[in-house]
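Reader: I have a model open and want to go through it with you. Can we start with the charged pairs and then move to the pockets?

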Amino acid sequence: MATSYEWIALIIFLAVCFSVAGLGGMATIPEIPNWYRKLAKPSWTPPRWLFGPVWTLLYACMAVAAWLVWKRAGWEGSDGALTIFAIHLALNLAWSFIFFKYHLTGLAFAEIVLLWIAIVVTMAKFAPVSAVAALLLAPYLLWVTYASALNFAVWRMNS
């Protein structure tokens with residue numbers, strides 16, 4: 001059973017992850033009706049309504065995964081796992097600005113490859129501390145794999 005201190009930590013991890021989501025949304029949402037809508041996109045682009053629910057679930061899973069690692073090992077005892085997690089969050093946020101705000105689809109593709117690598121490294125660092133935490137990031141890795149392919153296709157179709 002988690003202590004009240006641990007529950008507060010979970011709330012902080014959720015707040016951090018959803019703050020990244022909110023900041024990314026500030027770069028993304030204004031660009032959807034005009035710039036993004038006008039881009040050529042592959043036929044397998046998901047419907048617009050799907051992104052919100054998927055990202056909400058993924059950010060919640062990220063927060064819980066990081067919390068489980070923190071709860072078991074603490075920041076110092078995580079062997080750099082939580083630092084890598086923080087780096088991956090920064091990469092996650094940067095992609096929204098590079099792709100949506102600055103319309104640099106090629107650079108965004110290079111950046112999302114770095115994000116994908118950071119997720120894999122985060123999972124590998126989480127696994128020895130908490131297998132559940134590593135598994136909670138698996139749907140995120142799958143989504144970013146798909147998003148990478150979509151980013152690549154959009155870049156190539158609009159270059």
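**Salt bridge and pocket**

Author: One point before that: this is a predicted model, where local features need pLDDT of at least 70 and side-chain atom pairs count only at pLDDT 80 or more, while totals for chains, interfaces and linings use all residues. Residues are numbered from 1 along each chain as its sequence is written, and side-chain values use heavy atoms, with hydrogens and water left out.

Reader: Fine. How many salt bridges does the structure hold?

Author: One, taking a salt bridge as a side-chain nitrogen of Lys or Arg within 4 Å of a carboxyl oxygen of Asp or Glu.

Reader: Which residue pairs with Lys125, and how far apart are the closest N and O atoms?

Author: Asp79, with those atoms 3.2 Å apart. The pair joins distant parts of the chain, 46 residues apart: Lys125 is in helix α5 (residues 105–126) and Asp79 in the loop between α3 (48–73) and α4 (81–101). Helices here are DSSP runs (H or I, at least four residues), numbered from the N terminus.

Reader: Is Asp79 buried or exposed?

Author: Exposed, at 58% relative accessibility. Lys125 is partly exposed at 25%. The cut-offs are under 20% for buried, over 50% for exposed and partly exposed in between, with a 1.4 Å probe and protein chains only.

Reader: Now pockets. Which helix gives the most to the lining of the largest pocket?

Author: α7, with seven residues; α7 spans 138–157.

Reader: And which residues are closest to the centre of that pocket?

Author: Of 34 lining residues, Thr28, Ile32, Phe51, Trp55 and Phe100. Lining residues have an atom within 4 Å of a point on a 1 Å grid over the protein atoms alone; a pocket is an open set of points where a 1.4 Å probe fits, with protein on both sides within 12 Å along at least five of seven lines.

Terms used
Helix = DSSP H or I, 4+ residues; strand = E, 2+ residues; numbered from the N terminus.
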